[in-house]
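Subject: Structure for your review

Dear colleague,

Please find below the structure that I am handing over to you.

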Amino acid sequence: MRSKYQRHDISVRITIYAWMKNRAAHTPDLLRRKLLQLSAHVEENARRCVLAIRARDWQSAQRVIDGDDEVDALEISIEEDCVVLLQSGTLDDAGVRFVVAVLKINADLERVGDLAGNVSHRVLSLGQYDQLLLPTELLALAERTLSMLTHSLDALVDMDPVLARAVCDRDHEVNVLNRAMYDLVRDRILATPLQTERLIHLLSISRYLERIADYATNIAENVVYIAEGRIIRHSGRTARSTDNHSERT
Amino acid sequence: MRKKRLFWQLYSSNFLIIFLALFAFTFLVSGSFKNILLEQVSDDLQSRANLLYEEILHRLVADSVDDLDRFVVDLGEKAATRITVILPDGKVIADSERDPNSMDNHQHRPEIRKAMHGEVGTSTRFSATVQRNTMYAAIPVKDGDRLLGVLRTAVPVHQAEVNIERLQLQIVLGGLVITFLAGLMSLYISRRITRPIEKLKQGARHFAEGRLDLRLPVPDSVELSDLAEVMNTMAEQLQDRISIIVQQHSEQDAVLSSMMEGVLAFDTEERLMNINSSAARMLRIDAEKAKGKSIQELVRNVGLQRFVERALSCDHAIEGYVTLVGDEERHLQAHGNILKDGEGEMIGVLIVLNDITEIRTLENVRRDFVANVSHELKTPITSIKGFVETLLDGAIHDKADAMRFLGIVSKQADRLSAIIEDLLSLSRIEQETEREHIALASASLRDTLFAAIQNCQHDADPKAIAIQLDCSGDLEAMINPPLLEQAMVNLISNAIKYSDERKTIQVTAEVTSEEEIRISVRDEGFGIEAEHLPRLFERFYRIDKARSRKMGGTGLGLAIVKHIAQAHRGHVEVQSTPGKGSTFSLYLRRSVPDEEQIPTA
């Protein structure tokens, strides 16, 4: 069974990388389109992993894990393009701000891709407990996270600061659900210690999803940064981000 | 240079021409009038002199100077003419106005000099004597060839000048009036010339604005009417061509939008040029806003992005599969081909998308079916074979074991036969539905439902399950009673199987609309999770394989129900809440119109 999780061999990775190289983005617009391509990848992976959770569909989970290499290769390629663009000295203020934000969004997207992979691994581990029902909190959490990610990427496509701010404001809901999952899992472990392993998988999934939502929020913040030139993180959301740190520890 | 209006050009030049003509006319006419008047005066003077000639000659010959002077004064007063008589040496000897002795020598006056030479002399000049412009006419007075003197007559020309001035004034005033009237006429004519041009201009502007249905009025003049007709023809042809283009365009649009396939066109920079409604629906794109956006912005799907890229880099048609991950996966078959313009230059790619999710699902169903049938048949046969071999190996000699094994073999053979029976009836219903062989007749529902319940009663009794029937006796529908009974038996026995002891099953038949009757079977059993509901009526679809087989199901019961419903031109539905129970509903037609085709399963 383990062999199925094997990553692409090195030649495939080199091919993908070379292909990316050919499509080097020499203008902000091309860079943006490349970033959108990465976002498409990541969103697809996130959707697949939620599909995998909901339908306990290990094929979807496997595809997420397999697809992560392309996400990584694309991320590296975008980062290199950003450096080239910054060095070129052809950018105005807004251009530099854009490239800097792209660098951050790029890293965030890559992390979302990784987390989708992590969720998928957990779903595969859950496979053995197939017949059991998932808690509605987890399904709701997955839906919310996915919708936050989708909306933040929509905001990225349209450079829409209004939509982006709406995403930032929803981070709280996901944190609450994650907290509820924590309580639920703790209670169930106490009630049915035999299910501990399965419940810990569920808790992990919940935490990964919550972090995907965090990254979705980061992306939305950077969209606001590109569109308005204002850094909105740590402003007015301090209370929430502290409670979110306490949950992660 | 600022452009002038044709009207003003016409009008001002007309006006100038009229003005100049009148001016010249006035000048010439008044000049010649003056000449004519002065000539008249001079003729008059000469004729007066000629009248006096004899008298003066007579007196000169007589050399009676005093008499001459008296005569001259007297006549001069009467004729209002100044009369002067001058001797050849220039001395004035008689004058009607003044004393001749006080006057100068007149020898050098131009008229006198002429007269001295024997001609008639005239002259007009200012007279110091009478202090006025005066015209003089002088004739020689001769006795035979001897010049005796000169007779001069003179009148002031003042009156003539006044007359001339008055005349000139009249001419100028008349000229002004005529100029004014001519100006008005010229205005009118200019208007008449320019108005059709103005209308043509407006018409042409309407054409330019695209209102090609308007027609220009045809003016009277040949040139303009030709122009108007040519423009009208042009507008007509343009309208025809535009309407052809519009029609072709809307035909294309109609073709594109009525296509089931999604069609997208991208330019060489991967920006969307065109999209039809199917594609917009498949990809959940707002077609209005989508034009000009890049594929990366439009669709967050790597497969499709790559496909467009590949299509752009290939010089031949390509084919591929794209999976859209939404709430559920959708499978698209994609065809890509290069778009070329009139010169064969590549302008982009055309992508045609075909939603093959249904086909994929059907393929899966068929594959599952074959696998399931084999599996379902194999299980009892393996069991039968195993026990028969055991018996052959010697177990047959142990009577107790042999009996037990044979019992199992018999049970498995029953199961096998049940599966095959179900499969056969399923295919029979299917075939007969297709060939329209199933006879439907109006019959009482209550009897059929009651029979079905009776059939199931022996299953329900051990679990103490109550089956209630709610159906009025006069309710009739177009049914095939044996088939409907089979469907109801399947539904009720399912309800019994999946209910705990001492629950109630409610069978209800009711009229839901003018055409439809609903028969529902409601249980208080375990219920079914939502994700299983869409596939519940598929053959061999089982929620829990182990449990279903243990209960002795063939996995075909609900499939048979579905096909029976279709044979009745109705359909089935299921609602379920896990833990609370399920309701299976069978919808039947109350009456069937003859001309209607039976839908094929």
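Predicted model: local features only at pLDDT ≥ 70, side-chain atom pairs only at ≥ 80, totals over all residues.

Residues are numbered from 1 along each chain as its sequence is written, and chains are lettered from A and ligands numbered from 1 in the order in which they are written.

The largest nonpolar core contains 90 residues, and A:Cys49 and A:Ile212 have the most contacts inside it. (Such a core is a set of buried Ala, Val, Leu, Ile, Met, Phe, Trp, Tyr and Cys residues joined through C-beta atoms within 7 Å; a residue is buried if 20 or more other C-beta atoms lie within 10 Å of its own, exposed if 12 or fewer, and partly exposed in between, with C-beta atoms placed from the backbone.) Helix α7 of chain A (residues 196-228) gives this core its largest share, 16 residues. Helices (H or I, at least four residues) and strands (E, at least two) are DSSP runs, numbered from the N terminus. A second, separate core has 42 residues, including B:Ile429 and B:Leu586.

In chain A, the axes of helix α2 (residues 28-55) and helix α4 (residues 93-126) come within 9 Å and cross at roughly 20°. Axes are lines fitted to C-alpha atoms, for helices over the stretch in contact, and angles run from 0 to 180 degrees between N-to-C directions. The two helices, α2(A) and α4(A), are therefore roughly parallel (angles under 35 degrees). Among the residues making the contact are A:Cys49 of α2(A) and A:Ala116 of α4(A); two residues are in contact if their C-beta atoms, placed from the backbone, lie within 7 Å.

In chain B, helix α15 (residues 557-567) has 10 of its 11 residues buried, so it is largely enclosed by the rest of the structure. The buried residues of α15(B) pack against α11 (399-435), α13 (481-497), β16 (571-577) and β17 (581-589) of chain B. Just after α15(B), B:Arg569 has a positive phi of about 60°.

Between the chains, 9 residues of chain B are in contact with 14 residues of chain A. On the chain B side, α8 (295-298) and α9 (302-313) each supply at least two residues.

Note on methods: Parallel < 35°, antiparallel > 145°, perpendicular 65-115°, else oblique.
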